[in-house]
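Trainee: I have a new chain open on my screen and would like to talk it through with you. Can we start with the strands?

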Amino acid sequence: MPSFQISAVLFEEGGWWAAQCLEYDIAAQARTLADLRYELERVLLSHVVVATELGRAPFEGLGPAPQRFWDMYAASSMRIESDELPFRLPNPAPFPTITPRLKIAEQRADAAVDAASH
């Protein structure tokens with residue numbers, strides 16, 4: 001069974017935290033950063049389970065995220081410490097392992113000014 005390393009950039013927008021995967025255009029959203037890893041795991045594993053049930057390769061047909069998210073990831077130096085722990089299903093026999101590489105995007109100065117003015 002294949003394993004996947006998936007990079008994602010985490011950022012705050014409009015009072016919500018979002019995670020945007022890079023290799024596949026998949027996103028998750030949560031109210032708190034603490035809940036975001038769970039939501040991202042849930043979304044990614046759902047893709048794997050559905051693809052497996054349909055007899056397809058995981059993430060088949062999904063293109064990469066737009067370039068701006070790749071740029072946000074590259075510019076960030078704030079890695080999530082636990083990013084080497086793979087996401088797992090309770091019965092991993094037929095399912096691949098997904099190892100996330102997560103970084104938190106630094107808030108842009110103009111975004112901080114916009115947020116403060118509202």
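Trainee: How do strand 2 and strand 3 pair, and over how many bridges?

Mentor: Bearing in mind that this is a predicted model, strand 2, which covers residues 16–21, pairs with strand 3 in the antiparallel sense, over 4 bridges. Within that pairing, tryptophan 17 stands opposite alanine 30 of strand 3.

Trainee: And which helix packs on the sheet there, touching strand 3?

Mentor: That is helix 1, residues 33–53, which packs on the sheet and touches strand 1 (3–13), strand 2, strand 3 and strand 5 (97–104). The direction of helix 1 makes about 145° with that of strand 3.

Trainee: What's the strand order in the sheet?

Mentor: The sheet is open and has 5 strands in the order 3-2-1-5-4, with mixed pairing. Strand 3 (27–30) and strand 4 (78–79) stand at the edges, and since each has a single partner strand, one side of each is left without a neighbour in the sheet.

Trainee: Where does helix 2 lie?

Mentor: Helix 2, made of residues 67–75, lies across strand 1, strand 2 and strand 5, and runs at about 90° to strand 1.

Trainee: Zooming out, in what order do the elements run from the N terminus?

Mentor: The order is β-β-β-α-α-β-β-α, and the secondary structure comes to 3 helices and 5 strands.

Trainee: What does isoleucine 6 touch, leaving out residues up to four places away in sequence?

Mentor: With those set aside, isoleucine 6 touches Cys21, Glu23, Tyr24, Leu44, Phe59, Ile98, Thr99, Pro100 and Arg101.

Trainee: How much of the chain counts as buried?

Mentor: Of its 118 residues, 37% count as buried. The chain exposes about 7,200 Å², and carbon and sulfur atoms supply 54% of that area. As for contacts with a separation of 6 or more, residues 24 or more positions apart account for 57% of them.

Trainee: On to charges, then: how many salt bridges are counted?

Mentor: The count comes to 2. In one of them, the side chains of arginine 101 and glutamate 23 meet at 3.1 Å, N to O. Because arginine 101 lies in strand 5 and glutamate 23 in the loop between strand 2 and strand 3, the pair ties together parts that are 78 residues apart in sequence.

Trainee: Are those two buried or partly exposed?

Mentor: Arginine 101 counts as partly exposed at 23% relative accessibility, and glutamate 23 is also partly exposed, with a relative accessible area of 22%.

Trainee: And which side chains meet in a salt bridge at 2.8 Å?

Mentor: Those are the side chains of glutamate 39 and arginine 42, with the distance taken N to O. Both residues lie in helix 1, 3 residues apart, which is about one turn of the helix. Glutamate 39 counts as buried at 19% relative accessibility, the cut-off for buried being under 20%, whereas arginine 42 is partly exposed, with a relative accessible area of 41%.

How values were computed
Residues numbered from 1 in each chain as written. Predicted model: local features only at pLDDT ≥ 70, side-chain atom pairs only at ≥ 80, totals over all residues. Heavy atoms only, no water. Pairing = 2+ DSSP bridges. Helix = DSSP H or I, 4+ residues; strand = E, 2+ residues; numbered from the N terminus. Contact = heavy atoms within 4.5 Å. Axes fitted to C-alpha atoms, helices over the stretch in contact; angles between N-to-C directions. Buried < 20%, exposed > 50% of the residue type's maximum accessible area, 1.4 Å probe, protein only. Areas by Shrake-Rupley, 256 points an atom, 1.4 Å probe, with all protein chains shown as cover. Salt bridge = Lys/Arg side-chain N within 4 Å of Asp/Glu carboxyl O.
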